[in-house]
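Before reading on, please take a moment to look over the sequence and the model as a whole. The report below is meant for someone meeting this structure for the first time.

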Amino acid sequence: MYAFVTGPLAWLTFIIFFCGVTYRAIWYFRGLNWQLDRVAYKPHMSYGIKGALRSIFFWLIPFGTHSWRFYPFFTICFFAFHIGLLFTPFFIYGHNVLLQERFGFSLWSMSDGAADFMTCMVLVAAIFIIMRRNALPEVRIITTPYDYLVLAIAVAPFVTGLLARHQVGNYNFWLITHILSGELFLVAIPLTKLSHFIGFFLSRAQIGMDYGIKRGGMKSKGLSW
Amino acid sequence: MPEGKLCNKQTVDTEEQLQALLDDKSGKQYYEEMNYLDVDSDALWATMQKTLKSRLKTWLKICAHCGMCADSCFFYLANKKDPEQVPSYKIISTLGELVKRKGQVDNAFMQTVMDTAWSKCTCCNRCGMYCPFGIDMGIMFSYTRGLCFSQGFVPWELKIGSGMHRIYRAQMNVTTEDWVDTCEWMAEEYEEDWPGLKIPVDVQNADIIYTVNAREPKHYPEDLAEAAILFHLAGENWTVPSEGWEETSLAMFAGDWGACKMQVETVYDAMTRLNAKRMVVTECGHAYRATVLEGPYWAGRKDGQTPIPTFHYVEWVAEALRTGKIKIDPDKKIKEPVTYQDSCNYIRNAGLKDVAREIMGYIAEDFREMKPNKEHNFCCGGGGGLNGIGRYREQRNIGLKVKRDQILETGCKLVIAPCHNCWDAIRDLEEEFRIGIRWSFLKPLLIHMAVVPDHLKPPEE
Ligand code: HEM
Ligand code: SF4
Ligand code: SF4
Ligand code: SF4
């Protein structure tokens with residue numbers, strides 16, 4: 001079982017992930033249309049790139065935009081969740097051992113304590129995000145079961161990883177579940193709403209170009225995100 | 001009855017059609033017929049497949065349902081945080097459903113879409129600045145309006161408005177003759193006070209070609225005279241075109257993209273025909289948006305630019321003050337606290353925030369910002385054509401509360417609003433809530449404050 005999920009299944013997962021994400025990006029760019037979007041992308045590329053970079057940059061910084069500052073509680077949840085989600089997997093000791101075994105290289109590993117901390121940060125943030133979803137009428141009204149499913153797919157590897165590492169119950173069971181949920185997560189990125197993994201950058205770049213080229217970028221220092 | 005006599009999928013291209021609509025007071029019969037209008041689902045779906053591309057599809061797909069757009073929308077705030085006014089909800093329940101059901105929707109649903117697209121969104125684009133993905137409901141509702149229009153589900157006034165553009169190339173029935181007559185009349189009317197004042201029509205190779213909002217010749221001809229006086233004071237070599245003088249676009253508010261194209265092409269023709277160096281647009285927000293920002297795309301101009309460089313009136317004013325073409329008498333500067341209505345259309349969507357502040361620096365001693373301001377300012381409440389739609393008067397009036405409170409918070413009694421729609425909305429706001437404010441375009445204030453050089457003064461009696 002272990003050999004299968006870390007062998008052929010893992011490869012399949014990586015292929016779906018990389019091809020899927022690449023396909024999304026290509027599909028997005030090909031679907032842009034200067035006349036329908038009403039943005040002259042090509043003739044003003046330098047303004048466009050400047051607008052795109054500004055639009056991505058400010059939104060990647062905690063409290064870097066008016067909106068992040070307007071919702072401080074959510075902003076903290078959001079960044080705690082995403083930083084944990086995106087960085088932790090690369091710096092887990094166990095993952096790096098695996099990398100070394102299979103590919104002959106590894107990255108820096110954080111201590112087990114730090115790994116537990118990051119994992120808990122993701123889980124706590126996720127709990128707050130769920131509570132917020134239920135507490136605020138303006139969020140509840142747009143929430144669908146699908147949102148919970150996607151959130152569950154995203155945090156499942158963290159829950160199972162934590163259980164496996166602390167050997168709660170059957171280690172092997174949790175290990176396999178951890179690997180499977182991790183693979184499900186990677187496959188879900190291109191195939192579900194988690195495509196915002198790439199979609200965030202694409203969409204922010206586009207709106208940045210829109211503002212950079214058509215909506216004032218040529219006549220001002222740029223929008224104050 | 002699949003198609004009504006007045007309410008149907010056809011565009012209004014003849015005076016008879018237009019007159020029939022105008023005769024139907026407040027659109028009574030029009031809206032009655034709308035209840036029986038068939039939805040052509042196949043055509044609707046075909047249009048969506050052709051025009052709904054990766055940008056909008058991605059927006060609909062990746063919306064995290066996080067609600068960060070909620071407080072950005074003035075309608076949400078004005079309606080006591082009604083969750084149904086959350087921008088994301090508004091689009092998911094309309095355009096989102098249309099996509100999901102592949103256009104297989106009924107009449108009642110289309111009416112809901114119409115009501116949402118026009119009475120719950122002014123296309124002010126503020127929410128797009130607050131969404132982490134940059135999802136812009138202003139863009140999506142504008143798109144949705146186009147779909148509604150193609151199916152005949154459009155508010156009566158805007159069906160008329162787009163018909164006006166198709167027939168008169170103006171948002172009102174002002175003909176070329178009416179326009180030229182008004183120019184002559186205004187020049188004569190004010191010549192006594194301003195010797196040598198002219199409104200030059202169709203002069204070739206001028207430095208400036210000036211274009212307006214049809215409401216000016218129709219209802220406020222003094223505005224045109226004031227523009228002439230200021231150009232005269234500044235010593236500008238300017239002209240107006242006899243055709244292609246109308247900058248506004250009710251067709252844009254209606255989602256009638258065909259009429260949008262026809263309208264802006266007349267203006268672009270005038271630019272090339274008269275070979276002016278640059279164009280200046282009157283104090284109107286959506287006019288600038290339509291003809292300068294969006295128009296080049298409707299007209300298929302690949303560089304997204306107008307044939308000659310174009311400037312909003314505030315840009316010209318700032319330049320005239322900066323270069324000293326117009327000098328302000330320091331004694332006549334505005335002494336009382338005064339605030340400025342940042343228009344979505346040329347501040348948020350065209351980056352002119354600093355220009356507006358520069359002007360205020362020259363003319364006001366106690367300029368106070370609204371909160372929020374500049375590109376983050378709230379819509380006045382009347383944008384996107386909403387001011388003019390009788391069916392949604394109540395919703396519009398509720399929406400005005402946000403602007404009312406913003407103005408009250410500044411403590412100012414005078415609001416400068418260099419945008420026709422904003423100006424109207426603020427006037428209606430005063431009518432509705434009686435908060436004791438005055439509102440003004442820049443032109444009359446500037447004329448009052450400007451130093452008049454001796455050689456331009458009328459001869460002493
Ligand atoms: C594969 C990695 C990622 C996963 C699994 C993930 C997961 C999630 C989840 C579950 C939500 C919903 C939160 C909620 O329920 O409110 C969310 C929201 C969001 N994510 Fe991600 N995300 C990932 C990568 C990214 C990246 C790379 C970015 C951009 C830097 C990003 C930006 C956002 C934004 C802007 C939101 C929406 C607003 C919000 O809920 O804060 N995500 N993400
Ligand atoms: S564009 Fe303006 S009015 Fe429309 S939903 Fe967004 S914030 Fe509200
Ligand atoms: S802020 Fe953006 S992602 Fe969040 S609910 Fe609104 S539209 Fe969707
Ligand atoms: S009327 Fe003025 S404030 Fe309102 S949408 Fe138009 S430009 Fe914006």
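The model is a predicted one, and a reader may begin with chain B, whose secondary structure comes to 21 helices and 8 strands. The C-alpha trace of chain B spans about 75 × 45 × 40 Å along its principal axes. Because a compact globule with 461 residues would have a radius of gyration near 23 Å, the value of 22 Å for chain B agrees with that expectation. Buried residues make up 63% of the 461 residues in chain B, and among the contacts in this chain with a separation of 6 or more, 81% come from residues 24 or more positions apart.

Part of chain B is an open sheet of 4 strands, in which the pairing is parallel and the order is S2-S1-S3-S4. The edge strands of this sheet are S2 and S4 of chain B, each of which pairs on one side only. Strands S1 and S2 of chain B pair in the parallel sense over 2 bridges, and Ile209(B) has Thr239(B) in S2(B) as its bridge partner.

| Helix of chain B | Residues | Strands of chain B involved | Angle |
|---|---|---|---|
| H12 | 221-234 | lies across S1, S2 and S3 | about 160° to S1(B) |
| H16 | 313-322 | touches S1, S3 and S4 | about 85° with S4(B) |

Turning to the metal, which protein atoms are donors of the iron atom of ligand 1? They are NE2 of His82(A) and NE2 of His196(A), lying 1.9 to 2.0 Å from the iron atom. The site of this iron atom has 6 donor atoms with angles of 86 to 178° among them, and is octahedral. The two histidines link distant parts of the chain, since His82(A) belongs to helix H6 (residues 72-87) of chain A and His196(A) to helix H12 (residues 196-214) of chain A, 114 residues apart. His196(A) counts as partly exposed because its relative accessibility is 21%, whereas a residue would have to be under 20% to be called buried.

Arg55(B), by contrast, is buried, with a relative accessible area of 4%. Arg55(B) has its place in helix H4 (residues 54-62) of chain B. Leaving aside residues up to four places away in sequence, Arg55(B) touches Tyr28(A), Leu32(A), Leu36(A), Asp37(A), Gln206(A) and Asp210(A), together with Ile139(B).

Definitions and conventions
Residues numbered from 1 in each chain as written. Chains lettered and ligands numbered in written order. Predicted model: local features only at pLDDT ≥ 70, side-chain atom pairs only at ≥ 80, totals over all residues. Heavy atoms only, no water. Pairing = 2+ DSSP bridges. Contact = heavy atoms within 4.5 Å. Axes fitted to C-alpha atoms, helices over the stretch in contact; angles between N-to-C directions. Donors = N, O, S within 2.8 Å, 3.2 Å for Na, K, Ca; no water. Tetrahedral: all angles 85-135°; square planar, octahedral: opposite > 155°, others 65-115°. Buried < 20%, exposed > 50% of the residue type's maximum accessible area, 1.4 Å probe, protein only. Rg over C-alpha atoms; globule rule 2.2 N^0.38 Å.
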